[in-house]
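Please find below a short note on the model under review. The points are numbered so that they can be taken up one at a time.

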Amino acid sequence: MDQTEKLLMGIENILSVASDLVQEVDRLKRVEEECQMLKEKLFLKQLTSSEQDIFALALDGHSVKEM
């Protein structure tokens, strides 16, 4: 096996590892988003129904006066 073949095999290996890392980063981003949603749900469950309504209006960009 000459140097060129070894180099090409090394590049293929690096590309394979890089692809695996990109997939893992995407998976971790999804997990992070799911954790954030669960955290928000737990936070909202601590609020009364009226407080939840006000919070939703604030998230939608309504002013204090509008709420």
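**Notes on the predicted model**

1. Glu 24, at 33% relative accessibility, counts as partly exposed. Its partner in a salt bridge is Arg 27, and the closest N and O atoms of the pair are 2.7 Å apart. Arg 27 counts as partly exposed as well, with 38% relative accessibility. By the rule applied, the count of salt bridges comes to 1. The coordinates come from a predicted model, and side-chain atom pairs count only at pLDDT 80 or more.

2. The secondary structure of the protein chain consists of 2 helices and 0 strands. Helix H1 covers residues 3-45, and helix H2 covers 49-59. A segment follows H2, and Gly 61, His 62 and Ser 63 are placed in it.

3. The C-alpha trace spans about 75 × 25 × 10 Å along its principal axes.

4. What share of the 67 residues in the protein chain is buried? The share is 0%; because buried means under 20% relative accessible area, this is the cut-off on which the figure rests. The protein chain exposes about 6300 Å², and carbon and sulfur atoms supply 60% of that area.

5. A nonpolar patch lies on the surface, formed by Leu 7, Leu 8, Ile 11 and Leu 15. Together these residues have about 400 Å² of accessible area. Leu 15 is located in helix H1 and has a relative accessible area of 56%. Leu 15 is classed as exposed because that value lies over the cut-off of 50%.

6. Leu 21 is another residue placed in helix H1. Its relative accessible area of 54% makes Leu 21 exposed. From Leu 21 to His 62 the C-alpha to C-alpha distance is 41 Å, for a sequence separation of 41 residues.

7. His 62 is partly exposed, with a relative accessible area of 33%, and sits in the segment after H2. The C-alpha atom of His 62 is separated by 59 Å from that of Leu 7, the two residues being 55 apart along the chain. Leu 7 is one of the residues of the nonpolar patch described in point 5.

8. Is Gly 61 buried or exposed? Gly 61 is exposed, with a relative accessible area of 60%. Ser 63, in the segment after H2, counts as partly exposed at 33% relative accessibility. Cys 35 gives a reference position for both residues: its C-alpha atom is 24 Å from that of Gly 61, at 26 residues along the chain, and 28 Å from that of Ser 63, at 28 residues along the chain.

9. On charge, the protein chain carries 8 positive and 14 negative charges. The mean positions of the two sets are 5 Å apart. Arg 27 and Glu 24 form the salt bridge treated in point 1.

Key
Residues numbered from 1 in each chain as written. Predicted model: local features only at pLDDT ≥ 70, side-chain atom pairs only at ≥ 80, totals over all residues. Heavy atoms only, no water. Patch = residues over 30% accessible without salt bridge, like charges linked within 9 Å, V, L, I, M, F, W, Y side chains within 5 Å. Areas by Shrake-Rupley, 256 points an atom, 1.4 Å probe, with all protein chains shown as cover. Salt bridge = Lys/Arg side-chain N within 4 Å of Asp/Glu carboxyl O. Helix = DSSP H or I, 4+ residues; strand = E, 2+ residues; numbered from the N terminus. Buried < 20%, exposed > 50% of the residue type's maximum accessible area, 1.4 Å probe, protein only. Lys, Arg positive; Asp, Glu negative; His and termini not counted. Charge placed at Lys NZ, Arg CZ, Asp CG, Glu CD.
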